[in-house]
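Student: Hi! I have a structure open and I've never looked at it before. Could you walk me through it?

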Amino acid sequence: MFEAFVLACLLGQPQLPQYCEELKDVRGPYKTKNQCLARIFEIVVEMPYHRPEMQPRAYRCEQSTPETTKKRT
């Protein structure tokens with residue numbers, strides 16, 4: 001299973017933590033990496049409608065970890 005993440009940064013600002021945030025998809029996880037990448041494409045296309053001051057700068061499809069093995073910090 002794969003989870004989708006997109007790094008979004010303020011338009012015209014450098015890719016620094018104070019100008020960026022990581023967006024995690026709320027629909028997933030997805031069975032295949034291709035499904036995850038398709039969802040990332042949807043997020044990128046819809047970003048101007050929901051977050052017009054932000055632009056996508058990076059993305060990743062990460063293999064999800066079952067809740068029972070996730071470490072709490």
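Student: Which residue in β2 is the bridge partner of Val6?

Tutor: The partner of Val6 there is Leu23. One step along, Phe5 has Lys24 in β2 as its bridge partner. Strands here are DSSP runs of E with at least two residues, helices are runs of H or I with at least four, and both are numbered from the N terminus. Two strands count as paired if DSSP finds at least two bridges between them.

Student: Before we go on, where does this model come from?

Tutor: It is a predicted model, where local features need pLDDT of at least 70 and side-chain atom pairs count only at pLDDT 80 or more, while totals for chains, interfaces and linings use all residues. Residues are numbered from 1 along each chain as its sequence is written, and side-chain values use heavy atoms, with hydrogens and water left out.

Student: Back to the strands. How many bridges join β1 to β2?

Tutor: There are 5 bridges between β1, residues 2–10, and β2, and the two run antiparallel. On to β3: 9 bridges join β1 to β3, also antiparallel.

Student: What is the pattern along the sequence?

Tutor: The protein chain reads β-β-α-β, which comes to 1 helix and 3 strands.

Student: Where does α1 bend?

Tutor: At Val44, by about 25°, and Pro48 follows within four residues. The bend is the angle between axes fitted to the seven residues ending at a residue and the seven starting there. As for length, the 18 residues of α1 should span 26 Å at 1.5 Å a residue, and the end C-alpha atoms are 25 Å apart, which agrees. The expected span is 1.5 Å times one less than the number of residues.

Student: Which residues of α1 are buried?

Tutor: Cys36, Arg39, Ile40, Ile43 and Met47 are. Buried means under 20% relative accessible area, exposed means over 50%, and partly exposed is in between, with a 1.4 Å probe and protein chains only. The cover over these α1 residues includes β1, β2 and β3. Ile40, for instance, touches Ala4, Phe5, Val6, Tyr59, Arg60 and Cys61, leaving out residues up to four places away in sequence.

Student: Why is β1 described as largely enclosed?

Tutor: Because 7 of its 9 residues are buried, β1 is largely enclosed by the rest of the structure. Across the protein chain, buried residues make up 25% of the 73 residues.

Student: How many residues are in the largest nonpolar core?

Tutor: It has 12, including Phe2, Val6, Leu23, Ile40 and Met54. β1, α1 and β3 each supply at least two residues of this core. Such a core is a set of buried Ala, Val, Leu, Ile, Met, Phe, Trp, Tyr and Cys residues joined through side-chain atoms within 4.5 Å.

Student: New topic, loops. Where is Leu11 found?

Tutor: Leu11 is in the loop between β1 and β2, and is partly exposed at 48% relative accessible area. Beyond its neighbours within four places in sequence, Leu11 contacts Pro52, Glu53, Met54 and Gln55. Leu11 and Glu53 are 42 residues apart in sequence, yet 5.9 Å apart in space, C-alpha to C-alpha.

Student: One last thing: which residues does the cis peptide bond join?

Tutor: That bond joins Gly28 and Pro29, with omega about 10°. Pro29 is in the loop between β2 and α1.

Methods: Contact means heavy atoms within 4.5 Å.
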